[in-house]
Amino acid sequence: MIGVRNGHPARARMVALGAYVPDEVVTNDDLAERIDTSDEWIVSRTGIRERRFAAPEEASSDLGIKAAEDVLANAGIDAVDIDTVILATTTPDHLFPSTGALVADAIGARNAAAYDLLTACTGFVYGLAQGVAAIEAGLARCVLVLGAEVMSRILDFDDRSTCVLFGDGAAGALLVAGDPDQTAGFMGFELGADGGRGRELIIEGGGGRLPLGEHPTGEACYLQMNGREVFKFATRAMVDSARELIDSLEMPIDEIDLLVPHQANVRIIDHAVERLEISPERVYNNLERYGNTSSASIPLALVEARDEGKLVPGSRVLMIGFGGGLSWGSAIGHYEPL
Ligand code: UT7
């Protein structure tokens with residue numbers, strides 16, 4: 001990537017979406033054969049009915065490559081024209097090289113800067129903000145923002161309150177520099193983080209504080225969550241973040257065509273929908289089929305909303321994410337396919 005401010009303002013335009021989910025469907029009944037749970041409990045407490053698990057040989061980059069190829073096929077753009085790949089993930093293949101770099105190499109994005117964004121489930125919204133900022137500052141013209149996850153690798157199947165919630169998948173969006181006179185683009189973002197509550201949702205091991213060489217097994221390798229605290233945080237953060245953004249734009253909520261929230265728990269989403277006073281017909285959910293795919297959940301929902309005709313050219317979308325950090329973020333932007 002070479003970024004040079006050339007004096008011509010550009011507006012970032014979201015022109016294409018794409019996704020990939022692994023083949024293996026794991027139903028609630030499948031999980032109930034393995035752990036002490038039931039379809040009734042999972043559906044009533046979360047809204048999730050099934051999720052996908054990656055094959056043993058598949059890692060986040062493998063899913064990310066297929067999602068990226070789908071984005072490019074939808075955009076009709078060659079990978080050499082991409083100048084930045086931002087890959088949000090909770091489950092990078094390695095600490096480094098970045099999974100973003102592995103995906104960029106595999107798809108032939110040889111002119112791209114590439115990196116990973118570790119903001120857990122909020123990663124896609126953070127990634128959009130970075131991509132939009134790079135384009136509008138004149139530092140990039142074509143940015144691929146992906147979320148790619150193999151959450152099944154970090155689940156503790158002895159912890160029934162968390163292992164039933166998550167699934168694997170990858171999805172993303174392509175942002176390009178558009179003419180400000182012809183592109184509605186992104187209207188704004190609200191992003192935040194509270195590291196003081198970071199331990200509520202954590203994978204403790206594998207970093208510099210608790211190297212796995214010294215602690216190779218046990219719960220430090222797995223996602224640990226204080227479900228009730230995260231639930232309380234999520235209900236508040238979704239509403240506060242979206243409201244702050246909408247209010248600062250002085251935009252009535254009925255000017256939002258579609259709300260695509262992070263797909264974690266239908267009770268959390270319903271609470272936000274009620275508080276934000278947005279009509280439920282303008283909300284897209286697909287968590288019953290995929291569970292919580294972390295950073296992939298919002299773009300995967302965008303793709304399916306597009307395929308079902310609920311996201312159409314020109315749609316104004318409100319996306320709201322929350323997750324580990326604890327972090328949160330809202331974005332309002334338009335879907336403007338080429
Ligand atoms: O991307 C960020 C992600 N995280 C989230 O969004 C998670 C936020 N938290 C939640 O969604 C909810 O807190 C959970 C779904 C994790 C839990 O739901 P809950 O209504 O808060 O349940 P609970 O933790 O209060 O547990 C209620 C009961 C307990 O039994 P007792 O103590 O009342 O006898 C649990 O042991 O449900 C039991 N339980 C289960 N039972 C069957 C917990 N997990 C299960 C399970 N199957 N999988």
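This is a predicted model: local features need pLDDT of at least 70, side-chain atom pairs count only at pLDDT 80 or more; totals for chains, interfaces and linings use all residues.
Domain 1 contributes 49 residues to the contact, and domain 2 contributes 43 residues.

The size of an interface is often given as the accessible area lost when the parts come together. Between domain 1 and domain 2, the buried area is about 3700 Å², and carbon and sulfur atoms give 67% of that area. On the side of domain 1, the residues that lose the most area to domain 2 are L17, C121 and V125, which together account for 16% of what that side buries.

Polar groups also meet across this interface. There are 18 residue pairs in polar contact between domain 1 and domain 2. Several elements of domain 1, including β1 (11-20), α2 (39-46) and β7 (168-178), each supply at least two residues of the side that touches domain 2. The largest share of that side, seven residues, comes from α5. One salt bridge is found across the interface of the two domains.

The sheet can now be considered. Four strands form an open sheet of mixed pairing, in the order β8-β13-β12-β11. Because β8 (186-193) and β11 (258-261) stand at the edges with a single partner strand each, one side of each is left without a neighbour in the sheet. The twist from one strand to the next averages 10 degrees. Strands β12 (residues 316-323) and β13 (residues 327-334) pair in the antiparallel sense over eight bridges; L318 has I332 in β13 as its bridge partner. Helix α7 (residues 227-248) packs on the sheet and touches β8, β11, β12 and β13.

Methods:
Residues are numbered from 1 along each chain as its sequence is written. Side-chain values use heavy atoms; hydrogens and water are left out. Two strands pair if DSSP finds at least two bridges between them. Axes are lines fitted to C-alpha atoms, for helices over the stretch in contact, and angles run from 0 to 180 degrees between N-to-C directions. Contact means heavy atoms within 4.5 Å. Buried area is the accessible area (1.4 Å probe) that two parts lose on being put together, summed over both. A salt bridge is a side-chain nitrogen of Lys or Arg within 4 Å of a carboxyl oxygen of Asp or Glu. A polar contact is a pair of N or O atoms within 3.5 Å; within protein, one must be able to donate a hydrogen and the other to accept it, and residues adjacent in sequence count only if both atoms are side-chain atoms.
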